[in-house]
Structure formats: structure tokens, C-alpha cells
Amino acid sequence: MARSSTGFVTALTAGALTVVGFLAYQASASAPADLGAHKSATPAATASKKPKHKDPEALPAASGKGERVVYALSTDRVWLVDARGKALSTYEVMPGTVDPAPGKYTVDSRTGSVVGTDGKSIEHVVRFALVNGVAIGFSAAVDGSTPEPDPTKQTGGIRSSREQGDKMWEFAGIGRQVVVVP
């Protein structure tokens, strides 16, 4: 009986060594080629692989030409752009719960003061789009707040500070182009 258990143990050991050998091969095949190589002590000797971050205040490249308002959905930022393509002002905004699709629009109505869909008194409302019955436009709360909108309500107000709302009101008259970029 001692012989059969020795054979059994030998077979198990051989199987285990085969599995360990296979796993070692897989690990070595997927290891980087420079693993264990001496690294330079000078950080400048290697090129940085980090992506360069764009300036968040830089005017988006594909945002049109001429005098216009540019609104970036991904960064919740607005630019007021002069005829030469120079940004006169840029600032962050708090969007409503309904976004316009990227594209070109025109300011089609303005209101000096009104009560917003969130019940706040707002001023300098500059509307440029209608999405499923929801008016989309820039405005400023009279109390200066820019709270996040109630996600259960459909709102199209893109809120800014009162100071920025004044700039928008002065710049974006009826007919002014608004370019919405992703």
C-alpha cells in the first residue's frame, strides 16, 4: 500500500509543478519588458506621458465666427465673443435640468424680471431655444444665488451671478447668435 500512496503523491506533486510552471510562464509573458531595469534618477530624462489639460477658460475651437455667445454643455461655461473672435468675458453657469442640443441659435426673447420655474425672482432673462416646451435661456437670480436645480422639475434656466447676468443682458440682444457646443 505504501507504493500506491507514493505514486499518488508523486502524481499530485508533478501536477502542481506543471500548474505553477504554466502560471509562471503566463506572468512572465505579460510583464513589461523593462521590469527590473534600472530607472534614471533624473525625472527630466523621461518624457511625461500625462495628457496636457486644456485651459478651461479657452474659447472652444469649433464655436463659430463673429459676435456670439458660446455655451459649452460639458463645462457649464459661457463666453461672450466679439466680432474678431476674442472672448470679452467667460464665466461658469449653473444649467437647468433641460439642455439644448449643440448647434446655432438666435436670441428670440428677453425679459427684464420674472419669477423663474423654481419660484425665485430672476432678472435679465435672455431666451434662445425651446426644448419640448421648456424655454432655454440665461438669467440671474435677484438674490445672486446659483443653486443646483430640482432634478424632479424641467427647467431651462442657465443661471449666473448678477454681475455676469448684467454682462449677458448688455451683450445679447434680440437676434444675437448663441452657439451651443458639447
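**Fold and sheet arrangement of the predicted chain**

Among contacts in the protein chain (heavy atoms within 4.5 Å) between residues at least 6 apart in sequence, 50% join residues at least 24 apart. The structure is a predicted model, in which local features need pLDDT of at least 70 and side-chain atom pairs count only at pLDDT 80 or more, whereas totals for chains, interfaces and linings use all residues. Residues are numbered from 1 along each chain as its sequence is written, and side-chain values use heavy atoms, with hydrogens and water left out.

The predictor's confidence in each residue, pLDDT, runs from 0 to 100; its mean over the protein chain is 82, and 71% of the residues reach 70 or more. Over residues 35-52, however, pLDDT stays under 50, and for this stretch the model has two contacts beyond four places in sequence.

The protein chain contains two helices and nine strands, these being DSSP runs numbered from the N terminus (helices H or I, at least four residues; strands E, at least two). Along the sequence they follow the pattern α-β-β-β-β-β-β-β-β-α-β. Five of the strands form an open sheet with mixed pairing, in the order E3-E2-E1-E9-E4, where two strands pair if DSSP finds at least two bridges between them. Strand E3 (87-92) and strand E4 (103-106) are the edge strands, each pairing on one side only. Within the sheet, strand E1 (residues 68-72) pairs with strand E2 (residues 77-81) in the antiparallel sense over five bridges, and valine 69 has leucine 80 in E2 as its bridge partner.

Of the 182 residues of the protein chain, 29% count as buried, that is, under 20% relative accessible area (1.4 Å probe, protein chains only).

Notes
Buried means under 20% relative accessible area, exposed over 50%, partly exposed in between (1.4 Å probe, protein chains only).
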